[in-house]
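Me: I would like to learn how to read a protein model, one feature at a time. Please give the general idea first and then the case at hand.

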Amino acid sequence: MKKKRSIKKTLVRLSVMPAVFIGLALTAISVHSLWIGMTEEISNSLSIAANSLYNTYSLVAPGDYELKDGVLMKGEQQIEGDYKIVDALKESYGMEITLFYGDERKLTTITDEAGNRVVGTKANPETVHWVLETGRKYFSEKVEINGENYFGYYIPVLNKDKSIVGMAFAGVKRVDVMYSIRDSIMQSVLICVIVIVATMLVCVVASQKIIEALKHITEYLGYLSQSDFSQKMPKIVLRREDEIGDMGRYAEVVGKSLKDMITTDPLTGLYNRRACKSHLDKWIEKCNKQKENRITVGIGDIDHFKKINDTYGHDCGDMVLVTVSEIFRRHMGEDGCVARWGGEEFLLVFEEDVKASQKRLLSMLEEIRNYEFEYERKKFRITFTFGLNGKIVGRSFDEIIKEADECLYRGKTGGRDRIVITTGKVIEL
């Protein structure tokens with residue numbers, strides 16, 4: 001007589017593959033998100049420390065950086081050899097601090113094996129290129145200094161004439177950061193393993209509904225892995241009051257978090273570039289199928305935004321971006337799409353023709369133009385320049401964006417504070 005198979009063994013066998021898949025998916029998502037999040041956090045912390053070094057010297061020693069008889073001066077004050085500021089910043093931030101003149105370390109908290117400060121050594125060529133030659137801020141996950149690797153952040157040091165004369169640096173040893181990341185990853189992996197084991201135990205004593213619930217979860221995670229956030233976790237899973245239900249709810253939370261991270265600009269809450277492109281691609285496809293220009297695409301940015309940051313600071317610039325985003329979001333409502341396209345640049349998709357879109361955009365820009373911003377008791381206004389493109393049918397995404405961008409460029413070079421349409425029409429505000 002043929003021996004019957006155990007239903008428990010069958011359920012365990014059926015649960016292994018979905019459970020393993022869920023565990024791997026959650027682990028991969030967690031590790032990836034953790035790495036990105038911690039790297040961004042490290043970059044932001046190092047940026048704050050490097051800027052603190054730059055700003056501190058600007059306050060305590062007014063004047064330009066220069067060498068006098070081979071000694072670094074700032075204004076009339078000799079700063080070379082005086083390590084009080086860099087040492088205090090290291091103690092405050094827990095990071096290594098360095099001030100360069102040109103590509104040479106003049107003041108630093110970094111020491112060699114003998115405990116001597118590594119002053120007089122040079123920055124690597126890649127750093128010199130990005131900071132001293134191009135004038136950009138530079139973050140690297142692997143900067144080699146004195147035989148050790150660092151997470152490092154560099155900012156250019158400027159004299160009053162805006163000439164780049166050196167760099168401010170903040171860094172932490174890569175090995176210390178990796179230990180911290182490793183511990184966090186191990187905790188994340190451990191949580192995923194616990195969830196898998198709990199799921200398999202429940203499957204042993206449960207019915208086929210458990211298998212169905214796991215299948216729903218697996219499918220949901222599959223959609224997430226393809227960046228498809230249109231799907232929802234089935235109620236049959238969310239209603240469960242056991243580990244499987246918890247797993248479904250955890251997966252839903254992960255899905256919402258991933259959606260926010262992948263599709264949303266963290267400062268303004270608007271769609272980011274990637275999410276907006278996904279929506280716009282679908283509209284373009286629909287327009288091409290129906291051979292009808294059913295949408296209008298606008299690209300615009302804030303006039304003289306750099307001046308706002310330079311005059312009032314980046315916190316003020318962020319406040320402006322958030323306020324403008326709220327105005328755009330309120331006017332757009334559920335119709336169309338509004339995204340932060342990059343920096344102070346925004347992209348709007350109107351679900352209507354150019355004439356109607358132009359009217360709505362004018363209303364938005366008029367409100368922005370009349371809005372009185374206030375920061376630290378200082379009041380100011382801003383204007384926008386927009387390029388508007390209603391030519392959709394027969395064009396690709398890149399072509400549509402390029403044409404709108406060209407209109408924006410014409411508006412910028414033509415005087416700003418205006419809307420330029422692909423038809424050639426220019427509306428001065």
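Reply: Start with salt bridges: a salt bridge is a side-chain nitrogen of Lys or Arg within 4 Å of a carboxyl oxygen of Asp or Glu. Side chains of opposite charge can pair when their charged atoms come close. Here E352 forms such a bridge with R360, and their closest N and O atoms are 3.1 Å apart. Before going on, note that this is a predicted model, in which local features need pLDDT of at least 70 and side-chain atom pairs count only at pLDDT 80 or more, while totals for chains, interfaces and linings use all residues. Residues are numbered from 1 along each chain as its sequence is written, and side-chain values use heavy atoms, with hydrogens and water left out.

Me: How many salt bridges does that rule give?

Reply: The count comes to 24 salt bridges. Among them is the pair R240 and D242, with the closest N and O atoms 2.6 Å apart. Another joins the side chains of E403 and R395, at 2.8 Å from N to O. Salt bridges that share partners also join E66, K68 and E76 into one network.

Me: Are R240 and D242 buried or exposed?

Reply: The scale is relative accessible area: buried means under 20%, exposed over 50%, and partly exposed in between (1.4 Å probe, protein chains only). R240 counts as buried because its relative accessibility is 18%. D242 has 19%, so D242 counts as buried too. In the other pair, E403 is buried at 19%, whereas R395 is partly exposed at 25%.

Me: Where is S52, and which residues is S52 in contact with?

Reply: Helices (H or I, at least four residues) and strands (E, at least two) are DSSP runs, numbered from the N terminus. S52 lies in helix α1, which covers residues 7–60. Contact means heavy atoms within 4.5 Å. Once neighbours within four places in sequence are left aside, S52 is in contact with L89 and Y93. S52 has a relative accessible area of 17%, so S52 is buried.

Me: What is the order of the strands in the open sheet?

Reply: Two strands pair if DSSP finds at least two bridges between them. The open sheet has 5 strands in the order β5-β4-β8-β7-β6, with antiparallel pairing. Its edge strands are β5 (104–108) and β6 (138–145), each of which pairs on one side only. For angles, axes are lines fitted to C-alpha atoms, for helices over the stretch in contact, and angles run from 0 to 180 degrees between N-to-C directions. Neighbouring strands of this sheet are turned by 35° against each other on average, direction ignored. Helix α3 (residues 125–133) packs on the sheet and touches β6, β7 and β8; the direction of α3 makes about 130° with that of β8.

Me: How many bridges join β7 to β8?

Reply: Strand β7 (residues 148–158) and strand β8 (residues 164–173) run antiparallel and are joined by 9 bridges. L158 stands opposite I164 in β8. In the loop between β7 and β8 is K162.

Me: What is the phi of K162?

Reply: Most residues other than glycine have a negative phi, and most peptide bonds are trans. K162 has a positive phi, near 70°, and is a residue other than glycine. With a relative accessible area of 65%, K162 is exposed. Another positive phi belongs to D69, at about 55°, in the turn of the hairpin formed by β1 and β2, which has 2 residues between the strands. Strand β1 (residues 65–68) and strand β2 (residues 71–74) pair in the antiparallel sense over 4 bridges.

Me: Which residues line the largest cavity?

Reply: On a 1 Å grid over the protein atoms alone, a cavity is a set of points where a 1.4 Å probe fits but cannot get out, and a pocket is an open set with protein on both sides within 12 Å along at least five of seven lines; lining residues have an atom within 4 Å of a point. Grid points are joined across faces, edges and corners, and a volume is the space filled by probe spheres set on the points. The largest cavity has a volume of about 30 Å³. Its lining is made of L365, I368, R369, I382, T383, F384, D417 and L429. Helix α11 (residues 354–370) gives the most to this lining, with 3 residues.

Me: What is the volume of the largest pocket?

Reply: The largest pocket has a volume of about 1,000 Å³. Of the 24 residues that line this pocket, the closest to its centre are K137, K306, N309, D310 and H314. Helix α9 gives the most to the lining of the largest pocket, with 5 residues.
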